[in-house]
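Take a walk through this protein chain with the model open beside you.

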Amino acid sequence: MTLRLPDATGGLRTYEPRTAPFAATPGGPLASRTVLSAAHVVADPFADTAPGAPAVVDWDATLAFRRHLWAHGLGVAEAMDTAQRGMGLDWTGAAELIRRSAAEAEAVGGRIACGAGTDQLAGGSLADVRGAYEEQLAVVEEAGAQVILMASRSLAATARGPEDYLDVYGHLLRQAAEPVILHWLGPMFDPALEGYWGSSDLDAATDTFLDVIAAHPDKVDGVKISLLDARREVELRRRLPRGVRCYTGDDFHYPELIAGDEHGFSHALLGVFDPLGPLAAEAVRALDTGDTARFRALLDPTVPLARHLFQAPTRFYKTGVVFLAWLAGHQAHFTMVGGLQSARSLPHLARAYELADTLGLFPDPKLAEERMRTLLSLYGVTP
């Protein structure tokens, strides 16, 4: 049975849904690459919240999705921008998410790393920024999770130049109990992070970033690069001190970056691995056996979906991620904290459905089709 899907021209086109899903087998941790999926949160659809009010999370569904990722051997990057940090989820909610997810990870033996930032601040001095980071660092460490030092809007607004980044990050790295992951999120993901590391010149910013790492290599497990620039990531990757890993956050070029070249490869910390989880895990298992050709054969076809989800304005990719989780049956509704389900158009969502269905990402293609029909009917599309 066909669907009538809207397109970007304002018309309708016919699409015949797939009838069988991609068959992925759950398994243990991946071996050749460290792969972390930045996971979304599931909102409570029955919460009577007003605009700007704190998020109300459906904890059962949120933790169930993390168990789904762990079951396929993926790690979870928790309380990152995929979880709507700064876009609906405040620090109070993020702290609760970190505590609950870390406890769940310990219970099931899953890997977890959690974001520590400064989103409890609104302005402030460099001392305030350091204090906010310290508070969040303590919460993550007390929960027993690895720390991801997230890029800070407050630091970007307060820092006068590279020396302030060197000071703040040096202070935090000296305090960290275990090696952390440093997070460089580009302005396409968050416009408030323009000029991070003290310069809008990416070459100068890269030098400062590397200076931070070089001063404390024993406290840096790795770096997450989210600039959507594969060439720059490869160049930076080759300049890292021995033993410091590069985790790609490039949702446009991840297959080639993870596969690597004769000089090395990137591990992964990706928001797009939220909807791609089982397929991505299957691909990396091929790398575990040395079968790069199969890895690319599995993962390369997913890039059009990733580029669609992360198209500008890139920061609204979360809407597509949660939409696909609903279609896949991981949650019972398409509601997001902060009302972000309205951030993408019907044609955008329809194309996301088509691309995901073509890949076989929906465990129950019939359920996904029925839910797509429900959404279409709400927008006035008749059979």
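**From surface to core**

The accessible surface of the chain comes to about 15,000 Å², and carbon and sulfur atoms hold 51% of it. Such areas come from the Shrake-Rupley method with a 1.4 Å probe; for residues, only the protein chains shown count as cover. The model is predicted: local features need pLDDT of at least 70, side-chain atom pairs count only at pLDDT 80 or more, and totals for chains, interfaces and linings use all residues. Residues are numbered from 1 along each chain as its sequence is written, and side-chain values use heavy atoms, with hydrogens and water left out.

Start with the overall build. The chain has 14 helices and 10 strands. These are DSSP runs numbered from the N terminus: helices are H or I with at least four residues, strands are E with at least two. The C-alpha atoms fill a box of roughly 60 × 50 × 45 Å along the principal axes.

How much of the chain is buried? Of the 383 residues, 56% count as buried. Buried means under 20% relative accessible area, exposed means over 50%, and partly exposed lies in between (1.4 Å probe, protein chains only). Contacts, meaning heavy atoms within 4.5 Å, tell of the fold as well. Of those with a separation of 6 or more, 71% join residues 24 or more positions apart.

Now the aromatic rings. The whole structure holds 17 aromatic pairs. Rings of Phe, Tyr and Trp (its six-membered ring) pair if their centres lie within 6.5 Å; planes under 30 degrees apart count as stacked, over 60 as edge-to-face and the rest as tilted. Trp-197 and Phe-209 make a tilted pair, 4.9 Å centre to centre with 45° between the planes. Trp-197 sits in the loop between β7 (180-185) and α6 (202-215), while Phe-209 is in helix α6, 12 residues apart. Both Trp-197 and Phe-209 are buried. The rings of Tyr-353 and Phe-362 have centres 5.8 Å apart and planes at 15°, so this pair is stacked. Tyr-353 and Phe-362 are buried too. Trp-197 and Phe-209 also belong to one aromatic cluster with Tyr-133, Tyr-165, Tyr-169, Trp-184 and Tyr-196.

Next, two loop residues. Thr-302 is in the loop between α10 (292-299) and α11 (303-309). Is Thr-302 buried or exposed? Thr-302 is buried, because its relative accessible area is 0%. Its side chain reaches the backbone oxygen of Leu-299 at 2.6 Å. Beyond residues up to four places away in sequence, Thr-302 touches Tyr-254, Leu-276, Leu-279 and Leu-359.

Met-336 lies in the loop between α12 (317-327) and α13 (346-359). With a relative accessible area of 4%, Met-336 is buried. Leaving aside neighbours within four places in sequence, Met-336 contacts Ala-43, Gln-84, Lys-318, Thr-319, Val-322 and Gln-341. Its C-alpha atom is 23 Å from that of Leu-121, 215 residues apart along the chain.

Last, the cysteines. Cys-114 is buried, with a relative accessible area of 0%. Cys-246 counts as buried at 3%. A disulfide is a pair of cysteine sulfur atoms within 2.5 Å. By this rule the count is 0 disulfides.

Key:
Polar contact = N/O pair within 3.5 Å; in protein donor to acceptor, adjacent residues only side chain to side chain.
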